[in-house]
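Subject: Structure handover

Dear colleague,

Here is the structure you will be working with. Please open it before reading the notes below.

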Amino acid sequence: MTSRFGVVTLAAAIAAALAAASASAETIKVGVILTYSGPAASLGDQIDKGMSLYIKEHGHDLPQGVSLELIRRDDTGLNPATAKRLAQELITRDHVNFLAGLIWSPNALAIAPLSAEAKVPTISSNAAAVNLTRLSPYVARVSFTLWQECLPFGKWAATKGGFKKVYIAVSDFAPGHEAADAFSKGFKDAGGEIVDSVAIPVKDPDFVPYLQRVKDAKPDAVFVFVPSGKQATALMKAYSDLNMKAAGIKIIGSQDMVPDEELPNMGDEPLGVITVGTYSNAATRPANKAYVAAWKREYGDKTPPGFMSVGGWDAMAAIFSAIKATGGHPDPDKVMAALAGWKNPDSPRGEIMIDPETRDIVQHIYIRRVEKVGGHLANIEFETLPMTKDPWKELNPPKN
Amino acid sequence: MRADAVGGAAPQAVEALARAHRLKPWELAPWLAAIAAYFLFPSYLPLGAQILIAILFTLSIDLILGYAGIVTLGQSAFFGAGAYTAGLLAAHGWGEPISGLAAAAAVAGLLGLASGAVILRTRGLSLLMLTLVIAEMLQEAANKAGDITGGADGLQGMEVWPLLGHFEFGLFGRTAYVYCLVVLFLLWLVARRIVHSPFGRSLTGIRENEARMHAIGSPVFRRRLVIYAFAAALSGIAGALLAETTQFVGLDSLGFERSGSALIMLIIGGVGRLYGPFIGVPLYMVAQDRFAQADPVYWDFWIGLLLIIVVVFARGGLLGLAERLLRRRGRKP
């Protein structure tokens with residue numbers, strides 16, 4: 001091969017690459033609204049890492065010439081007004097093609113009308129408020145709803161779980177009330193008795209007085225929902241300080257209470273705690289093993305991935321697949337059409353699908369117990385409710 | 001105040017007092033800047049509207065803190081009361097924006113009158129604590145009354161009608177910006193008028209030497225109460241503007257953080273000068289916007305650094321600094 005030939009081929013390759021680039025060169029912008037500062041910053045960190053990891057592992061899957069830009073914004077916590085302004089700016093200033101992230105339901109509920117007005121496909125990585133996907137035809141969810149988890153969990157608790165009397169203690173905001181309503185319905189329909197219920201302030205709560213009230217009522221168990229992360233650890237500490245385990249009161253709830261990434265901070269207190277959830281990093285599915293291994297390669301051992309991170313990962317998986325389906329030109333309506341019925345058999349949490357009717361996620365719901373594996377606490381899945389839909393949407397059909 | 005009423009005072013001082021109420025050309029500068037911003041930064045109008053709202057809110061604090069010497073950390077009580085008034089009206093079928101502002105002003109003003117009648121009998125730290133308590137109590141009440149206010153989830157389902165029946169509050173914030181600018185301008189004219197009126201002068205007198213004002217027969221308590229209620233109404237209008245332009249009200253509208261950061265913005269700009277908010281608020285909010293975009297994780301740190309620099313090097317706020325620099329160059333400000 002002569003050097004001249006080399007130069008010619010190189011020039012031809014560059015020209016071809018440029019032509020291809022100019023034909024489909026497009027930067028797709030994703031506005032990511034998460035909590036990056038303040039007491040809940042660990043949640044934003046989990047989701048952000050999940051998203052970044054997906055992009056790192058799958059970046060080469062994008063159509064040629066298409067690149068992805070994440071524009072990150074800090075909503076500072078449960079702060080709907082701020083989140084709404086950030087979304088508005090991302091839409092009008094940065095002209096994002098997608099919105100993603102969304103930890104707090106109230107923030108997401110404030111953003112949803114904007115996504116409808118501006119036709120920006122919006123993927124919730126965590127926000128679980130059940131009516132979120134009803135507020136805008138451009139919202140899809142890859143996390144879960146509390147009804148999806150807690151209604152079957154209530155049924156399970158009253159039957160196989162063997163609980164008779166349960167006290168409900170939940171955070172005083174939309175997802176807390178939904179968890180309480182769903183669990184209560186499932187539990188009572190299956191013959192259980194709800195002793196009483198209490199709502200705990202969602203910002204900076206002190207759990208001790210509330211759990212003391214629970215302790216005085218002597219139920220078999222207390223059903224809890226709190227926002228995940230550091231609040232979960234504070235709750236577990238209050239449970240331990242009040243010696244509730246010794247008093248024979250079990251603590252049960254959704255996965256937000258024993259997130260995988262917080263388990264190392266909780267001591268041995270959570271041993272035996274039963275929760276309902278969508279993801280545990282201790283699961284032995286091959287897709288999960290690969291995910292956890294990739295996570296450790298990228299971020300080390302210090303903070304293991306939890307269910308929030310998988311919300312970030314799957315949000316990116318959904319966005320990637322929508323970009324591919326629209327050939328790199330993500331027209332909002334085509335994106336939503338591509339997301340309707342979208343399936344990912346290889347999510348770390350098992351198979352997932354977006355329900356074409358409701359744009360909400362359909363997935364396996366796991367009942368798990370905290371056990372010690374190799375010296376570390378882990379959420380061990382012991383029962384699977386396969387491909388569960390959100391039951392609230394069936395119980396409350398849209399009014400038209 | 002007429003010059004001949006002051007008798008033997010130095011003629012220069014009399015002249016200065018008599019001329020203080022006349023509009024000077026440089027007073028148009030902030031308004032020209034605001035109009036220019038509309039054309040120069042069309043994609044920043046939502047932020048611009050929020051800056052205008054924060055200026056109005058901070059102006060209300062300047063009136064009571066800077067002129068009447070009433071220290072407060074609870075002005076957000078009135079901001080939130082106004083926001084929820086306009087929000088609840090719009091969520092229950094009355095989305096006309098201008099009457100929403102009037103209703104918000106009335107509710108917040110009455111609340112200021114009622115709470116002021118009780119707490120303005122105290123001074124200094126106790127007063128500071130009481131203002132804080134009122135705001136905290138209101139916030140907790142709004143949190144508990146979740147059926148009415150939506151609690152921590154915020155008020156959902158506001159429907160604000162187009163302004164004057166024509167201009168929709170769209171996504172790009174054009175209507176919102178112009179609306180806020182016009183409202184701010186009108187209320188600023190009123191505030192300016194008050195500050196330069198005999199009533200306003202007597203407030204400054206109360207701030208500087210209350211005993212002497214009692215001695216000359218000035219109704220001190222009543223004057224403090226009137227300005228407190230007026231500032232409350234201004235805050236209420238600011239809250240209503242935020243509710244109407246963002247079509248959302250959350251518990252944070254009543255929160256301490258709002259009062260605290262308004263105080264910081266006022267201190268950055270300069271207290272008791274009527275123009276402090278016009279300097280401090282844009283500076284703080286634009287800096288916050290830039291920092292938060294450049295560094296979503298540690299932006300709080302950079303804001304803190306900026307504050308330390310201002311407090312250390314610009315006592316009396318940026319306006320105070322400007323005044324000192326002008327004096328040093330031998331010119332009168």
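This is a predicted model: local features need pLDDT of at least 70, side-chain atom pairs count only at pLDDT 80 or more; totals for chains, interfaces and linings use all residues.

Residues are numbered from 1 along each chain as its sequence is written, and chains are lettered from A and ligands numbered from 1 in the order in which they are written.

Contact between the chains

Chain A contributes 26 residues to the contact and chain B contributes 21 residues; two residues are in contact if their C-beta atoms, placed from the backbone, lie within 7 Å. On the chain B side, α3 (45–67) and α14 (299–313) each supply at least two residues. Helices are DSSP runs (H or I, at least four residues), numbered from the N terminus. By class, the side of chain B that touches chain A has 11 nonpolar, 7 polar and 3 charged residues. Here Ala, Val, Leu, Ile, Met, Phe, Trp, Tyr, Cys and Pro count as nonpolar, Asp, Glu, Lys and Arg as charged, and the others, Gly among them, as polar.

Domains of chain A

Chain A is divided into domain 1 (25–143 + 285–359) and domain 2 (147–277 + 365–395), with bounds from an automatic or database domain assignment. Their centres, taken over C-alpha atoms, are 27 Å apart. The contact between them takes 19 residues from domain 1 and 20 residues from domain 2. On the domain 1 side, α2(A) gives the most, with 3 residues.

Regards
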